[in-house]
Amino acid sequence: MGKFTLELLFQIIGIGSASGLIYKNNSLLIIGDNSGFLYEYQMDSHDLKRHPLLKNPTENTLKKDKADFEALTDFGDSLYVFGSGSTQKRNKMIQVNSSTKKVIATNDIADLYAVMQNFGEIKPEDFNIEGAIYNGESWFLLNRGNGSSNKNVLFTIKGKNLANDFTILSNTYILPKIKGVRSSFTDGILVDDSIYFLATAEDTESTYDDGEVLGSLIGSINLKTMKIDFTKKISSTHKFEGLSLYANSKEKIEFLLCEDKDSEVLETAIYKLTLDKK
């Protein structure tokens, strides 16, 4: 990849700690790791809607109680929201109707997460799912290696369901350091035969406690070889946690990004990242 540009597009008042987004039909679907809502923002009208994901949802849930929704993906008529798995209260996978935004099913995937930890040789305290992709046949889940063992792992899961009929493959990656700190996955999306991912360097060895943000990068993994094609640092100050495709051509590819500021302020900034393909 060649040059890049990163620009602030707009800010959304009413959403905090944004951790995942999907761009579709000039609207954004956004989740926040502190929140029990799915947010729907119309980019033309600036209208913001809140759709409950949980019973009695709140927008600034106490850290010890939150479901920690960190990963959002869609396929067909459904959206899928994943908790990070970093505590016992964070093991939910919620299926949502993409048209009505109503919850179809709430699933406890603690057993799946336990198998993933065992298969990927990740200690429970280092387990932290931050990205999810579904293409109708395979699930791709990204473990953020911000624990003490720095285990950045891409899991490929196939099967009839995520409860008791699945197979798992795992690939571990050593991502670049920023200011001496190893970066770790924060989101990923599928574009053609590549997974484009975000990674952030945060000065902490905990999947629970936040640390000083040292910057973010973007990269891609070739699904045929499962090797990293490129990485590029895009910021020295931002903790980008949400990634969605905006436009794709022969000359360039454009993404929308959201930032998690680890605060209780209900304000979210949306950025556009443009990468030259030459």
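Visitor: In which strand is the place of Lys 49?

Guide: Lys 49 lies in strand β5. Strands (E, at least two residues) and helices (H or I, at least four) are DSSP runs, numbered from the N terminus. This is a predicted model, where local features need pLDDT of at least 70 and side-chain atom pairs count only at pLDDT 80 or more, while totals for chains, interfaces and linings use all residues. Residues are numbered from 1 along each chain as its sequence is written, and side-chain values use heavy atoms, with hydrogens and water left out.

Visitor: What does Lys 49 count as at 43% relative accessibility?

Guide: Buried means under 20% relative accessible area, exposed over 50%, and partly exposed in between, with a 1.4 Å probe and protein chains only. Lys 49 counts as partly exposed because its relative accessibility is 43%.

Visitor: Which residues does Lys 49 touch, not counting those up to four places away in sequence?

Guide: Contact means heavy atoms within 4.5 Å. On that count Lys 49 touches Leu 38, Tyr 39 and Glu 40. Strand β4 (residues 37-42) is joined to β5 by five antiparallel bridges, and Tyr 39 stands opposite Arg 50 in β5.

Visitor: What is the order of strands in the open sheet of four?

Guide: Strands of a sheet pair through backbone hydrogen bonds, either parallel or antiparallel. Two strands pair if DSSP finds at least two bridges between them. Here the order is β2-β3-β4-β5, with antiparallel pairing. β2 (18-24) and β5 (48-52) are at the edges with a single partner strand each, so one side of each has no neighbour in the sheet.

Visitor: Which residues have the most contacts inside the largest nonpolar core?

Guide: In soluble globular proteins, nonpolar side chains tend to be buried together. A nonpolar core is a set of buried Ala, Val, Leu, Ile, Met, Phe, Trp, Tyr and Cys residues joined through side-chain atoms within 4.5 Å. The largest one has 20 residues, and those with the most contacts inside it are Phe 82, Met 116, Leu 141, Phe 155 and Ile 157. At least two residues of this core come from each of β7 (78-83), α1 (110-119), β10 (129-134), β11 (138-143) and β12 (152-159). A second, separate core of 17 residues includes Tyr 173, Leu 175, Val 181 and Phe 197.

Visitor: Which residues of α1 are buried?

Guide: An α-helix has 3.6 residues a turn, so residues three or four places apart point the same way. In α1 the buried residues are Leu 112, Tyr 113, Met 116 and Gln 117. Seen down the helix axis, these fall within an arc of 140° (taken from the directions from the axis to the C-beta atoms), so they line one face of α1. The face turned away from the buried side carries the exposed residues Asp 111 and Asn 118. The buried residues of α1 pack against β7, β10, β11, β12 and β13 (166-173).

Visitor: How many residues of strand β21 are buried?

Guide: In β21 (residues 252-259), seven of the eight residues are buried. Strand β20 (residues 240-248) is joined to β21 by seven antiparallel bridges, and a hairpin connects the two through three residues. β21 also pairs with strand β22 (residues 267-276), in the antiparallel sense, over seven bridges. Phe 255 in β21 has Leu 245 opposite, and Phe 255 also stands opposite Leu 273 in β22.
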